[in-house]
Amino acid sequence: MIKLFIGSVAAAIAMFIAGFLYFAGPLAMMAYSSASETQSAAVQNALAANLPQTGTYMVPDPSSQSGTVLYGKGPVATVHYNSGGFPVDSADGMLWGFILYFVVALLMAAALSQSRATDFRSRAAIVLLFALAMPALTILTDPIFLHQDWTYAIFGFVGSVLILSIGGLIIARWFLPSAPAQAKEAASSEEIGAV
């Protein structure tokens, strides 16, 4: 168990570095469309004047009959809105991001430790399939169901697959018992059970 905890820390560090390089490095702005400073200021002022509090908004709101008509005509937006703003490189975001990566690494370590796969190749296949499935479900649903931007979704999908793969492969390669060690451990517990 200690080995899996240490492996989760190592995986979280690698995931954090990969995530930082991918999402905050030179590639980061590839995911976003750009607007001029004047356009950005106008939209920011409109947000401040019209959205009451931090939240996620569908604009227009399609929950009424007239909203449904307006939503069908467009333009439409899903707005992830923070009324107070925050620093681009906020320290608390980095801290909570690392904690998230650690929790995800712990969950992957727990899942892999319960797997019957005993060799690295089989464990790597499990990691890579999980790393593809989870972001596909959580990220690619937005452009499919909500007709949002594919560029942003694909960028996020690739980054998430990369981060999960790195963390899972580190755990699978260095922090799970090998097949001979598992067989020895199983034989020991059988001997203890026989006594």
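A crossing of two helices is called left-handed if the near helix is turned anticlockwise from the far one by less than a right angle, and right-handed if it is turned clockwise. The structure discussed here is a predicted model, in which local features need pLDDT of at least 70 and side-chain atom pairs count only at pLDDT 80 or more, while totals for chains, interfaces and linings use all residues. Residues are numbered from 1 along each chain as its sequence is written, and side-chain values use heavy atoms, with hydrogens and water left out.

**Two crossing helices**

Helices (H or I, at least four residues) and strands (E, at least two) are DSSP runs, numbered from the N terminus. The axes of helix 5 (residues 120–139) and helix 7 (residues 150–174) come within 8 Å and cross at roughly 155°, where axes are lines fitted to C-alpha atoms, for helices over the stretch in contact, and angles run from 0 to 180 degrees between N-to-C directions. Helix 5 is therefore roughly antiparallel to helix 7, a term that applies to angles over 145 degrees. The crossing of helix 5 and helix 7 is right-handed.

**A nonpolar surface patch**

Ile 2, Phe 5, Ile 6, Val 9, Ile 13, Ile 17, Phe 20, Leu 21, Met 94 and Leu 106 form a nonpolar patch on the surface, and together they have about 890 Å² of accessible area. Such a patch is made of residues with over 30% relative accessible area and no salt bridge, with nonpolar side chains (Val, Leu, Ile, Met, Phe, Trp, Tyr) joined within 5 Å; a salt bridge is a side-chain nitrogen of Lys or Arg within 4 Å of a carboxyl oxygen of Asp or Glu. Accessible areas come from the Shrake-Rupley method with a 1.4 Å probe, and for residues only the protein chains shown count as cover. Helix 1 (2–24) and helix 4 (91–114) each give two or more residues to the patch, and the largest share, eight residues, comes from helix 1.

**Exposure of single residues**

Buried means under 20% relative accessible area, exposed over 50%, and partly exposed in between (1.4 Å probe, protein chains only).

| Residue | Relative accessible area | Class |
|---|---|---|
| Phe 20 | 40% | partly exposed |
| Ile 99 | 32% | partly exposed |
| His 147 | 69% | exposed |

Phe 20 lies in helix 1 and Ile 99 in helix 4, whereas His 147 is in the loop between helix 6 (141–145) and helix 7. Although His 147 is not a glycine, it has a positive phi of about 55°.

Definitions and conventions. Patch = residues over 30% accessible without salt bridge, like charges linked within 9 Å, V, L, I, M, F, W, Y side chains within 5 Å. Parallel < 35°, antiparallel > 145°, perpendicular 65-115°, else oblique.
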